[in-house]
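User: Hi! I am new to reading protein structures, and I would like to learn where the labels come from. Could we go through some together?

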Amino acid sequence: WELYAISIRDKVGKWWYFYSDELENKANRTEITVGSEGTVTEKTDISGMESDFALSYESAAYTGFDIKPSVIYNGSAVMVLGQDYSVSYEDNRYPGTASVIISGENDYKESITKEFTITKADRTLIPAVTSIQKYPDSADFTIDSNAWSDVTYDSDNEAVAKVVDGKIYIVSSGTATITMTVAESDYYNPASAQVALTVLRS
């Protein structure tokens, strides 16, 4: 069989190498670059080099800002960021799956996509007090905290105090542990804290 080939430069200055393989009876085309001394060099396709690239981390918690793990090249060839390849990011701010696109530049072509995970962030719920004293005739109440959204309450001893319409209602003297909870949101995990309640005799 014979191989026929021709190099052509297009209108925007790119060189293309056309060749026809009689054995396979089809035409093929690949982009090439021309060196400083007029030698023709085919661009290297990086799409098959996925194992040569890694991310500095594959999971990170939500911060409210773009998250950008570094790309680490560990292949045998010498490849320089900004010269041989570029890096861009997609969907890299909110919880979910984010993408890192590694694109070949100059003597390299095609791209590789690496994925990493953005998880929901943890927050700490801090009540204004860790213990509180009340009387049987005390009014219904809530507990101040650093909560960033609505707080719900739960009592482990409803003979002493229970939750009514989102507030803590005193039933009788005794002790109870009040658990405060902020629900999970699109960006944050749930958080909770406990306050010791003592209801004194009148």
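User: What should I know before we start?

Analyst: This is a predicted model, in which local features need pLDDT of at least 70 and side-chain atom pairs count only at pLDDT 80 or more, while totals for chains, interfaces and linings use all residues. Residues are numbered from 1 along each chain as its sequence is written, and side-chain values use heavy atoms, with hydrogens and water left out.

User: What does the side chain of Ser 155 reach?

Analyst: It reaches the backbone nitrogen of Asn 157 at 3.2 Å and the backbone oxygen of Ala 161 at 2.7 Å. A polar contact is a pair of N or O atoms within 3.5 Å; within protein, one must be able to donate a hydrogen and the other to accept it, and residues adjacent in sequence count only if both atoms are side-chain atoms. Setting neighbours within four places in sequence aside, Ser 155 is in contact (heavy atoms within 4.5 Å) with residues including Lys 162, Val 163 and Thr 177.

User: What makes β7 and β9 edge strands?

Analyst: They belong to an open sheet of 4 strands in the order β7-β12-β10-β9, with mixed pairing. Each of β7 (59-61) and β9 (85-90) has a single partner strand, so one side of each is left without a neighbour in the sheet. From one strand to the next, the twist averages 30°.

User: How do you know that β7 and β12 pair?

Analyst: Two strands pair if DSSP finds at least two bridges between them. For β7 and β12 (residues 111-119) there are 3 bridges, in the parallel sense. At one of these places, Ala 61 has Thr 119 in β12 as its bridge partner. As background, strands of a sheet pair through backbone hydrogen bonds, either parallel or antiparallel.

User: Why is the pair of Arg 93 and Asp 66 called a salt bridge?

Analyst: The term needs a side-chain nitrogen of Lys or Arg within 4 Å of a carboxyl oxygen of Asp or Glu. For Arg 93 and Asp 66, the closest N and O atoms are 2.9 Å apart, and they form a salt bridge. The pair links distant parts of the chain, 27 residues apart: Arg 93 is in the loop between β9 and β10 (96-104), and Asp 66 in the loop between β7 and β8 (71-73). Arg 93, at 33% relative accessible area, is partly exposed, and Asp 66 is partly exposed at 40%.

User: How many salt bridges are there in the whole structure?

Analyst: The search finds 2. Glu 184 and Lys 120 form a salt bridge too, with their closest N and O atoms 2.9 Å apart. Glu 184 counts as partly exposed at 48%, and Lys 120 is partly exposed at 28%.

User: What makes the pair of Phe 53 and Tyr 85 edge-to-face?

Analyst: Rings of Phe, Tyr and Trp (its six-membered ring) pair if their centres lie within 6.5 Å; planes under 30 degrees apart count as stacked, over 60 as edge-to-face and the rest as tilted. Here the centres are 5.3 Å apart and the planes stand at 75°, so the pair is edge-to-face. Phe 53 lies in strand β6 (residues 53-55) and Tyr 85 in strand β9, so the pair ties together parts 32 residues apart in sequence. Phe 53 counts as buried at 2% relative accessibility, and Tyr 85 counts as buried at 4%.

Note on methods: Helices (H or I, at least four residues) and strands (E, at least two) are DSSP runs, numbered from the N terminus. Axes are lines fitted to C-alpha atoms, for helices over the stretch in contact, and angles run from 0 to 180 degrees between N-to-C directions. Buried means under 20% relative accessible area, exposed over 50%, partly exposed in between (1.4 Å probe, protein chains only).
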